[in-house]
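Subject: Structure handover and notes

Dear colleague,

I am passing on the structure we talked about, together with some notes on its pockets, its salt bridges and a patch on its surface. Please have the model open while you read.

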Amino acid sequence: MNISILLGAGFSVAAGFPTAKQLSENIVNASSLDFCIYAGNLCERPESIPYRKVLMKPFENLLALIHFYSYLHCNHFDYEHFYDFYWKIRGISDLFAGEELDMRIKEINGLYQKLVCFYLDKADKMAKQYTEYYEHFNSFVRDSAQRDMVYIHTLNHDTLLEQMLDGQYSDGFSTTGSLFHCNEHDIQMFSESNYQGNILLYKLHGSLDRYLYTYQNDFSKHEYIKIPLQSGIDIEDIRNLNDIDKPCLQCLIPDFLTGATTKIRRYKEPFYASMFECFAKNLQNSDTIYIIGYGGHDKEINKYLLTHARSKPIYIIDPFPNNELQRLSDKLGTNSRIIPKTIKECDVALLHTS
């Protein structure tokens, strides 16, 4: 028997990760006085480091644009829709404003993604102390994998799941056959052939620990590499054995998808297209499907569910199901059932046997 699991942002809330609303509030309330730019990264500014206005000017420009967007939307800020907003500005800049605005938008994009990463990474560092909340889920996955194939698809960028499963999964990344190294460390590289075992993990929207490597001698070629959080590995020291001796990691920012519409365009990129092909195939080949912490707002994800999972036994675990989730459940057929519980309260194994 095969099992497919889809995880949304609500899955990580119990471990202290911000909801989309909370993340939006953190971003719109951010102050440049609380941050500093160190070695190209956006960091929390220690009191011992003075505020340097010149270095922080680009970040202040980003915050000004965030507040302008919030003002335009009656003091309402959505971190994903804001991402779409400034990329639309870039589209206009191609026609009217030329390269200068284009470069500024690219700079804002880098800083904005670093700001999003800051809040997610902060929660990620604390996540391990909350894994007990997921005891039922963890046991269910591990026990099921003794006899079944378990396909886990997550829309989250955090590494909570990886911390819980503690190496008992395969996500397509491996040091075997990898072209990358960093001093004495081998760096994991992605290959579809690396998927092995009975617990397969697909991060459909990218991850905080994944980076896109662009070949210096051929900008059309890319590889995805994985650098575990808090590993101490200096990203700038990573080398590719088949490339010139200089790293070319795009912006030194983790590769993850955001933006309500912008991320959907990236679904067509080869790496993510492969992820979604597996998502479709796994849904088709699964006997039972579990949806946890997903609010039903992503139209493309809903299409995959309705196309490849309709009428199968589906358990939707959500303590506060909204109207969209209820409509999705209704469309998925009579075998779809909403369980109004948190992941901490719900023993998934009991659903599996009911």
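The notes below take the pockets and the cavity first, then the salt bridges, and then two further places.

Please keep in mind that this is a predicted model, in which local features need pLDDT of at least 70 and side-chain atom pairs count only at pLDDT 80 or more, while totals for chains, interfaces and linings use all residues. Residues are numbered from 1 along each chain as its sequence is written, and side-chain values use heavy atoms, with hydrogens and water left out.

Pockets and cavity

The search was run on a 1 Å grid over the protein atoms alone, where a cavity is a set of points at which a 1.4 Å probe fits but cannot get out, a pocket is an open set with protein on both sides within 12 Å along at least five of seven lines, and lining residues have an atom within 4 Å of a point. Grid points are joined across faces, edges and corners, and a volume is the space filled by probe spheres set on the points.

The largest pocket holds about 1,200 Å³ of space. Its lining is made of 43 residues, and those nearest its centre are Ala9, Gly10, Ala20, Gly293 and Gly295. Two or more lining residues come from each of helix 1 (10-13), helix 2 (20-28), helix 4 (79-96) and helix 8 (262-266), with helix 1 giving the largest share, four residues. Helices (H or I, at least four residues) and strands (E, at least two) are DSSP runs, numbered from the N terminus. By class, this lining has 21 nonpolar, 14 polar and eight charged residues, where Ala, Val, Leu, Ile, Met, Phe, Trp, Tyr, Cys and Pro count as nonpolar, Asp, Glu, Lys and Arg as charged, and the others, Gly among them, as polar.

The second largest pocket has a volume of about 790 Å³, and of the 25 residues that line it, Asn41, Asp121, Tyr211, Leu229 and Ile235 are the closest to its centre. Strand 3 (41-44) and helix 5 (99-126) each supply at least two residues of this lining, and helix 5 contributes the largest share, six residues. The lining of the second largest pocket divides into 15 nonpolar, four polar and six charged residues.

Across the whole structure, the search finds one cavity of 30 Å³ or more. The largest cavity has a volume of about 50 Å³, and among the residues lining it are Phe11, Asn156, Asp158 and Lys203. Helix 7 (160-165) and helix 1 each supply at least two residues of that lining, the largest share, three residues, coming from helix 7.

Salt bridges

Side chains of opposite charge can pair when their charged atoms come close. With a salt bridge taken as a side-chain nitrogen of Lys or Arg within 4 Å of a carboxyl oxygen of Asp or Glu, the count comes to eleven salt bridges.

Asp171 and Lys226 form a salt bridge in which the closest N and O atoms are 2.7 Å apart; Asp171 lies in the loop between helix 7 and strand 5 and Lys226 in strand 10 (residues 218-226), so the pair ties together parts that are 55 residues apart in sequence. The side chains of Asp171 and Arg210 also meet in a salt bridge (3.7 Å, N to O), and this pair links distant parts of the chain, since Arg210 is in strand 9 (residues 210-215), 39 residues from Asp171. Asp171 counts as buried at 3% relative accessibility, and Lys226 is buried with a relative accessible area of 7%, where buried means under 20% relative accessible area, exposed over 50%, and partly exposed in between (1.4 Å probe, protein chains only).

Lys125 forms a salt bridge with Asp121, with the closest N and O atoms 3.6 Å apart. Because Lys125 and Asp121 are four residues apart in helix 5, they are separated by about one helical turn, and Lys125 is exposed, with a relative accessible area of 53%. Glu80, Lys263 and Asp298 are linked in a network of salt bridges.

Two further places

Asp148 sits in the loop between helix 6 (135-144) and strand 4 (149-154) and is buried, with a relative accessible area of 5%. The C-alpha atoms of Asp148 and Asn2 are separated by 5.5 Å, although these residues are 146 residues apart along the chain.

Leu72, in helix 3 (residues 53-72), counts as partly exposed at 44% relative accessibility.

Best wishes
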